[in-house]
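Visitor: Could you take me in for a close look at one strand and its partners, and then at a pocket?

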Amino acid sequence: MAMAFPKIWYSVAVGFLLPFSYAHTDFFTSIGHMTDLINTEKDLVVSLKDYIKAEESKLEQIKKWAEKLDQLTDTATKDPEGFLGHPVNAFKLMKRLNTEWGELESLVLKDMSDGFISNMTIQRQFFPNDEDQTGAAKALLRLQDTYNLDTDTLSRGNLPGVKHKSFLTAEDCFELGKIAYTEADYYHTELWMEQALKQLDEGEVSSADKVYILDYLSYAVYQQGDLGKAMMLTKRLLELDPEHQRANGNMKYFEYIMAKEKEANKSSTDAEEQTEKETEVKKKDYLPERRKYEMLCRGEGLKMTPRRQKRLFCRYYDGNRNPRYILGPVKQEDEWDKPRIVRFLDIISDEEIETVKELAKPRLSRATVHDPETGKLTTAHYRVSKSAWLSGYESPVVSRINTRIQDLTGLDVSTAEELQVANYGVGGQYEPHFDFARANEPDAFKELGTGNRIATWLFYMSDVSAGGATVFPEVGASVWPKKGTAVFWYNLFPSGEGDYSTRHAACPVLVGNKWVSNKWLHERGQEFRRPCTLSELE
């Protein structure tokens, strides 16, 4: 019985490759770029399934060979001399042992993973790195704080407006806790280690180890001043692993500290002060503006009085009788009175939005801010997004948008900065800032030679399921994203002095994908379009 081993063809399509320019570019700062990773992962899954099929085909051949040889050897071993008395059986035994078993050995040794490993090697250069994983983890913690989400809600994925519900495993929670721990953020370490422990206690099957979780958790609790709870957690750890060296050492130390505290016999007043200190751990570095900013992001800001609301109107606006809009005025509504913020509705079409996004996406890079000390552009943890700049000469669509801004604002766009397109990442945000340069930043726009930023025009190019508002903490205003609209405000008074009430922020995106584009208009060229006044605040 001759056994033939046909060749196994294992083809792996090295399909979707990210453009070379995307090789690591802070993926976590742009949902737009992260969508390409979905296609990369899908390609790897197809490659992996091909590898599994090849391995299954190989094992099936080996199995058939084993079954046939099992029957043959059963017969032969019952009467070896009689079996070999047949000359054909003798020949085939020689052939099998000399040739066919060698072929089988080659098949067994054949590595079917070459194609998959090759694909992985090619794709790995476009994978996120530790910085991306840490950035995404910090984003979850930021969303938790900004939107007052408890760990269980976040872990179970119970977020408003989600289309594809997802949840965090105990191992995921443990990883979040570890990242917080490396940042010496013991408040979030405690929250996420407790969540991991809770899910394991509820019976979740996981590779996460309770001993490791309790080790991190007890130390994080101790760092926040709760000695009693730290001792309780350490005792639980020692019940699971009585020989744990660090836990035994910590337990002796905790007992020593506890004994000293009893000796000191602290007064109840001191204890109350300690409790208050513990409850403030999370907020210890929070400024009043920060609290106000987070409240506005949640929609909990100060409400405008009815009297002020009556002064806000909606209207058809023709750009002060601009010829392009006399017969077809645009819809405009007041968002806020001081500073005056107006919104233009249906001001950019879906087709224009897609064109702008397609032009910008290949160029998106980590958004930067002006460093007031060096005067140079630098990335910052408080601005999590990617941006690109588009010139009017690159596309008739961009040129048309620039003309529209000029017609409706009455300001000269020839001295404005290029159209900036931004896409926000996981928990993407831009914390409170001014668009204009303050007195202590005289050289901020010196290289442009066009003066300060007199006004800001901001297009919303996507709806956002939850979060992502533009808020003005100084005055309590919240402007929510609405696709196809734009908002406009002046950063400077007519006198040229900065309007500090325009300090604003982009709230973290809780659910969804936020695309915006903005135009910063400068002072030069506006001398007769917006004349100066004699008062600094007019």
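Guide: Strand β3 (residues 341–345) runs antiparallel to β14, and three bridges join the two. Strands count as paired if DSSP finds at least two bridges between them. This is a predicted model, where local features need pLDDT of at least 70 and side-chain atom pairs pLDDT 80 or more, while totals for chains, interfaces and linings use all residues. Residues are numbered from 1 along each chain as its sequence is written, and side-chain values use heavy atoms, with hydrogens and water left out.

β14 (residues 485–490) also pairs with β10 (residues 453–460), again antiparallel, through six bridges. Phenylalanine 488 is worth a stop: valine 342 has it as bridge partner, and tryptophan 457 stands opposite it too. As for cover, five of the six residues of β14 are buried (under 20% relative accessible area, 1.4 Å probe, protein chains only).

Now the second largest pocket, with about 1,000 Å³ of space. Of its 32 lining residues, Leu140, Leu159, His164, Ser166 and Leu510 are the closest to the centre. A pocket here is an open set of points on a 1 Å grid where a 1.4 Å probe fits, with protein on both sides within 12 Å along at least five of seven lines; lining residues have an atom within 4 Å of a point. α5 (130–146), α6 (151–155), α7 (170–182) and β16 (509–511) each supply at least two lining residues, and α5 gives the most, five. Helices are DSSP runs of H or I, at least four residues, and strands are E runs of at least two.

Technical notes
Points joined across faces, edges and corners; volume = space filled by probe spheres on them. Buried < 20%, exposed > 50% of the residue type's maximum accessible area, 1.4 Å probe, protein only.
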